[in-house]
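Work through the exercises below with the structure open. Try each task before you read its solution.

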Amino acid sequence: MADAPITLEGWYTLHEMWAVDRARWNALPAGERSAVVAEAAGVLEALADPGDGHSACFALLSQKGDLCLMHWRRDLESLRRCETEFAATRLRGYLLPTYSYLAVIELGTYELTGHATGMLKRRGVEPGSDGFEAALEAEMQKLARPRLHPAVPPQRYLCFYPMSKRRGEQVNWYDLPAGERAGFMRGHGEIGRKYAGKVVQVIQGSVGFDDWEWGVTLFADDPGDLKEIVYEMRFDEVSARYAEFGPFVTGLLLEPAEALRRVGLSE
Amino acid sequence: MADAPITLEGWYTLHEMWAVDRARWNALPAGERSAVVAEAAGVLEALADPGDGHSACFALLSQKGDLCLMHWRRDLESLRRCETEFAATRLRGYLLPTYSYLAVIELGTYELTGHATGMLKRRGVEPGSDGFEAALEAEMQKLARPRLHPAVPPQRYLCFYPMSKRRGEQVNWYDLPAGERAGFMRGHGEIGRKYAGKVVQVIQGSVGFDDWEWGVTLFADDPGDLKEIVYEMRFDEVSARYAEFGPFVTGLLLEPAEALRRVGLSE
Amino acid sequence: MADAPITLEGWYTLHEMWAVDRARWNALPAGERSAVVAEAAGVLEALADPGDGHSACFALLSQKGDLCLMHWRRDLESLRRCETEFAATRLRGYLLPTYSYLAVIELGTYELTGHATGMLKRRGVEPGSDGFEAALEAEMQKLARPRLHPAVPPQRYLCFYPMSKRRGEQVNWYDLPAGERAGFMRGHGEIGRKYAGKVVQVIQGSVGFDDWEWGVTLFADDPGDLKEIVYEMRFDEVSARYAEFGPFVTGLLLEPAEALRRVGLSE
Amino acid sequence: MADAPITLEGWYTLHEMWAVDRARWNALPAGERSAVVAEAAGVLEALADPGDGHSACFALLSQKGDLCLMHWRRDLESLRRCETEFAATRLRGYLLPTYSYLAVIELGTYELTGHATGMLKRRGVEPGSDGFEAALEAEMQKLARPRLHPAVPPQRYLCFYPMSKRRGEQVNWYDLPAGERAGFMRGHGEIGRKYAGKVVQVIQGSVGFDDWEWGVTLFADDPGDLKEIVYEMRFDEVSARYAEFGPFVTGLLLEPAEALRRVGLSE
Amino acid sequence: MADAPITLEGWYTLHEMWAVDRARWNALPAGERSAVVAEAAGVLEALADPGDGHSACFALLSQKGDLCLMHWRRDLESLRRCETEFAATRLRGYLLPTYSYLAVIELGTYELTGHATGMLKRRGVEPGSDGFEAALEAEMQKLARPRLHPAVPPQRYLCFYPMSKRRGEQVNWYDLPAGERAGFMRGHGEIGRKYAGKVVQVIQGSVGFDDWEWGVTLFADDPGDLKEIVYEMRFDEVSARYAEFGPFVTGLLLEPAEALRRVGLSE
């Protein structure tokens with residue numbers, strides 16, 4: 001019998017990492033470079049706040065890329081439109097793809113149910129009582145709304161990585177009883193709450209969309225906090241035993257023009 | 001003793017994903033681009049419905065590609081002809097291959113035998129009775145026909161992924177008794193039926209043809225359903241323990257000219 | 001104590017898969033293309049039947065390549081000569097390598113000893129009798145000869161894949177007693193015999209030559225048989241537990257000029 | 001309950017490996033090459049000792065690259081600035097990225113707590129005594145300072161590799177009790193001390209920053225010592241059971257102009 | 001407690017595999033090709049026997065490359081000099097790197113101690129006797145010298161592959177008691193001795209230098225012997241359980257000019 005937990009979904013998200021093709025870019029006359037950068041900055045600024053969704057721009061570290069564009073939109077068509085608008089810039093002809101990730105912001109009901117039940121209890125609505133189920137769902141929706149369609153957090157540093165739950169021969173998350181899984185996830189959530197105010201976590205589901213099961217985007221003002229939260233979680237029982245991690249990417253959140261400047265496309 | 005289940009086979013299928021080479025495309029004069037796109041759209045339209053077989057065109061999301069061409073044909077020669085006709089377009093010279101998959105639509109008799117037996121029982125033909133075996137085969141063929149040579153479903157979103165059954169050191173599908181395998185597959189089929197009307201599944205066998213054992217193409221009008229069905233199946237016992245998944249690709253079904261427009265090849 | 005089974009060896013074999021570089025090929029004037037194709041077809045035809053050895057040409061399916069050249073020669077020097085002659089064609093400058101495999105046709109004595117012993121028994125030469133060992137070796141050589149230096153089978157479809165025996169932590173072929181291994185291999189051979197007349201199998205050893213332990217080339221007139229034999233073998237105990245498979249490539253056997261035409265190099 | 005050990009952090013570090021694009025470089029006129037090298041040497045010299053941080057230049061061995069640039073800086077912004085300054089050189093247009101690693105120098109308190117406690121004891125401050133905790137922290141900071149923000153060691157040879165602790169299904173570092181982990185790490189430290197004066201180890205944490213959990217940079221005047229320490233550690237219980245290693249890179253520490261000369265960019 | 005076996009070290013070794021960039025080479029006028037080849041042959045001949053060290057040139061089989069250059073030198077600086085001298089040739093601009101390996105010829109004392117002890121016993125110096133230890137070390141050095149700094153064997157065929165000892169969760173070489181490891185290695189050495197006169201083995205350690213723990217170069221006059229020794233060793237207990245193998249490369253030892261001719265660079 002299948003018993004997948006229910007999740008609530010928000011923005012569809014796309015992270016795209018690009019490295020500048022220096023052989024061709026460095027050969028471009030300075031005047032042309034300025035024009036190319038100005039056009040790209042304009043397109044990226046227009047994408048940043050289109051009314052329904054958000055895009056952000058990061059200067060990356062290391063050979064994993066120079067730029068990360070992160071698009072949050074209401075549907076896949078809008079995400080594709082972000083790609084296509086950027087693809088049309090002259091700058092795009094000087095960028096090489098290094099990694100991308102497609103997902104959708106999600107809230108697991110593992111955690112949310114607990115929160116909502118707590119809220120209701122404080123208001124005197126006890127589990128099992130008449131109307132509890134309907135009240136629970138309404139409460140969950142209310143709690144979830146700002147976290148499903150958030151704005152891009154203002155913190156200076158980005159950490160992105162995809163991950164999956166382990167499906168090993170002996171240690172297999174999907175083979176655990178639902179109750180055991182829920183218990184694990186509650187413990188896991190506590191670490192996240194410990195970093196409240198220091199690290200903003202945006203969890204994105206990607207089952208059926210991309211190669212791992214989740215994409216995780218972390219935002220912080222101190223890169224040491226990014227390292228610390230990921231490291232501390234690694235010792236948490238559910239991560240220690242059941243998490244498998246993909247590549248990690250690190251960057252600096254910047255206005256588009258400044259991001260282009262920081263990676264050396266303009267001066 | 002080998003005891004591979006019998007399968008029925010339909011269209012040979014080829015999925016090919018392509019990324020636009022933006023360095024070269026963006027440098028092409030607008031007038032030439034129009035001509036290139038017009039030629040390609042014409043070829044893709046001619047391939048779409050050639051009488052015996054179908055081809056479809058998808059705009060993809062993320063750096064996994066811009067376009068997916070999906071060809072369904074009666075034999076490998078016809079699939080190769082699709083490739084060659086597209087290869088001759090000028091557009092093909094501006095596309096970089098990112099992934100492809102060769103397979104054949106198949107129906108497992110795991111599931112089909114159950115259906116057909118049920119049909120016969122309702123008509124009073126009992127298993128073990130005289131002529132049951134012949135009636136069963138005829139019934140299975142009748143049930144299978146529209147699912148072996150279908151038209152491309154009209155749903156807006158595509159999800160493609162290859163998968164194999166696990167051949168681990170302890171957990172090994174191919175080492176299970178045939179009866180146990182059949183039981184697992186029946187349970188698995190129930191999830192698919194739950195999504196009837198929401199998700200169309202096209203299962204393709206690729207043992208001997210490509211690197212995984214199956215290719216799965218899902219079609220839905222709500223991308224959330226794509227995520228949900230794959231996620232729910234992950235908790236199903238047979239997938240939880242025995243399934244291994246390859247890369248996932250997501251796209252939008254579009255008329256050829258519209259697909260080319262959506263990925264920014266024309267305006 | 002090592003107890004590797006003895007094998008008999010025939011043609012050295014090289015499979016080379018190539019994809020056409022469409023960006024450059026499609027930009028070549030039609031007249032030049034014709035000349036390039038004519039030259040390549042001439043070289044490939046000369047390689048096909050040089051007296052001592054055989055070469056064949058396949059049109060491949062999917063992005064795994066457009067052409068497969070398969071060379072069977074008496075020694076590595078001759079294989080290298082095939083490579084070098086093709087490398088000198090103008091066409092080679094428009095091809096990108098996608099995969100290759102170096103091996104030598106081999107017959108395992110697992111199977112052959114059984115056959116030869118049977119033959120001798122039918123002639124009244126019993127195991128253990130005087131002169132049995134010498135008679136056995138002679139019989140094995142006689143049985144092996146046509147299978148070690150065969151011509152390319154005429155069947156229309158090709159399936160190539162490399163494979164190894166599993167060397168897992170618990171399930172390890174090389175850790176089994178020799179007798180147990182021989183028993184497994186005999187059962188395995190029976191499946192091959194079931195497909196006699198439908199599928200021609202050419203088993204090539206590549207230990208010390210390439211990354212997997214064997215290369216397997218299958219030839220059939222019905223691609224369904226290729227899928228069926230590989231799938232049925234997957235349930236055979238020795239494959240189920242001990243086989244690990246590399247990439248699969250599928251193609252159509254064609255005369256060189258026709259192969260070049262089918263992949264769109266000429267019309 | 002999570003119980004990640006506390007670590008102290010120093011320089012952020014970036015290793016970047018580059019291979020010369022010989023097809024394009026060898027085609028450059030000698031006069032231009034000199035100008036390109038002179039400019040690059042100037043930029044690399046300026047980066048080497050900017051007051052707050054250090055950069056070093058290595059000639060690499062093998063196809064893993066020709067040059068390694070190693071930047072040690074106080075924050076990610078400064079590391080990005082190193083990348084961008086080098087990206088602007090003409091030379092960068094002739095280099096292909098082969099590998100990079102982002103991390104931060106760290107000292108594990110596994111080891112440091114022991115050292116600091118020993119120091120305090122020798123001064124009569126016993127564990128558990130009044131003020132011990134505050135004294136311990138101060139002592140640890142004092143001990144750590146020169147090792148968190150060191151200068152680049154002067155030794156002639158470099159070895160860099162990333163590594164992680166094993167997170168296997170049965171053998172899982174993150175599933176061990178904290179006390180057991182601490183014991184393992186103390187034993188491990190002893191090997192490092194045995195090589196004091198011969199090998200300088202710089203341990204860098206990269207959880208949340210790059211794909212492995214640590215980057216290790218070793219410096220020695222005898223390459224045999226690099227091989228010996230890594231090999232000896234492989235037999236140490238904690239490495240034998242719990243360490244997983246990424247790619248290894250080997251190089252020669254050189255002044256920038258000399259590094260460029262040694263890899264054949266100037267004469 | 002670490003107990004890594006002691007090894008003696010000789011030549012530092014570098015294998016570099018290259019594929020000819022046919023798109024560009026085949027487009028080069030014949031006259032220029034001759035000049036390019038003549039220059040490269042001159043450089044390779046000068047490298048072959050520089051007094052202190054050896055270099056050899058191999059024509060490779062398959063898409064793994066056309067040429068393998070193998071350099072044996074006294075230190076890393078000399079190896080780097082080989083790379084740089086070849087990098088300066090015009091030919092190098094037409095070669096694409098496909099694989100390389102850095103290591104150092106080593107003799108394990110597992111085997112050597114046994115040999116030397118045997119030698120001493122025959123001369124009446126018994127283990128445990130006065131002066132035995134010093135005599136043992138001297139004997140080992142004497143035995144080792146010609147094998148640590150050999151000339152390139154004259155055999156016609158090359159097989160190169162890297163390998164590591166398994167560090168699995170249950171089956172872990174580095175977790176075995178030292179005595180057990182020594183016993184395994186003695187058995188393994190016997191197979192090598194069986195092929196004396198047929199196969200020359202050069203074992204190279206690469207811990208700390210490259211991605212695997214050893215590089216193995218085999219030389220033989222019959223390629224069947226290369227296959228046979230690797231296959232037979234696979235059944236040896238220590239390989240069966242504890243060896244993991246990287247890619248295999250096969251080639252023909254040739255004088256530089258002849259190697260360049262055989263891969264089609266000259267006629």
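## Exercises on an interface and a helix

**Exercise 1. Find how many salt bridges cross the interface of chain D and chain E.**

Solution. The model is predicted. Step one: apply the cut-off, a side-chain nitrogen of Lys or Arg within 4 Å of a carboxyl oxygen of Asp or Glu. Step two: count; the rule finds eight salt bridges across this interface. Step three: check one of them. D:Lys64 pairs with E:Asp210, and their closest N and O atoms are 3.2 Å apart.

**Exercise 2. Describe the side of chain D that touches chain E by element and by class.**

Solution. Step one: go through the elements that give two or more residues, among them α1 (22-25), β5 (157-165) and α7 (223-235) of chain D. Step two: pick the top contributor. α7(D) gives the most, with eight residues. Step three: sort by class. This side has 18 nonpolar, ten polar and 14 charged residues.

**Exercise 3. Is helix α7(A) mostly covered or mostly open?**

Solution. Step one: α7(A) spans residues 223-235 and has 13 residues. Step two: apply the cut-off for buried, under 20% relative accessible area. Step three: twelve of the 13 residues are buried, so by this cut-off α7(A) is mostly covered. Among them are A:Leu226, A:Ile229 and A:Phe235. Step four: look at the N-terminal end. A:Asp222 caps α7(A) there, with a side-chain oxygen 2.7 Å from the backbone nitrogen of A:Gly224.

Technical notes: Residues numbered from 1 in each chain as written. Chains lettered and ligands numbered in written order. Predicted model: local features only at pLDDT ≥ 70, side-chain atom pairs only at ≥ 80, totals over all residues. Heavy atoms only, no water. Helix = DSSP H or I, 4+ residues; strand = E, 2+ residues; numbered from the N terminus. Nonpolar A, V, L, I, M, F, W, Y, C, P; charged D, E, K, R; others polar. Expected span 1.5 Å × (residues − 1). Buried < 20%, exposed > 50% of the residue type's maximum accessible area, 1.4 Å probe, protein only. Polar contact = N/O pair within 3.5 Å; in protein donor to acceptor, adjacent residues only side chain to side chain.
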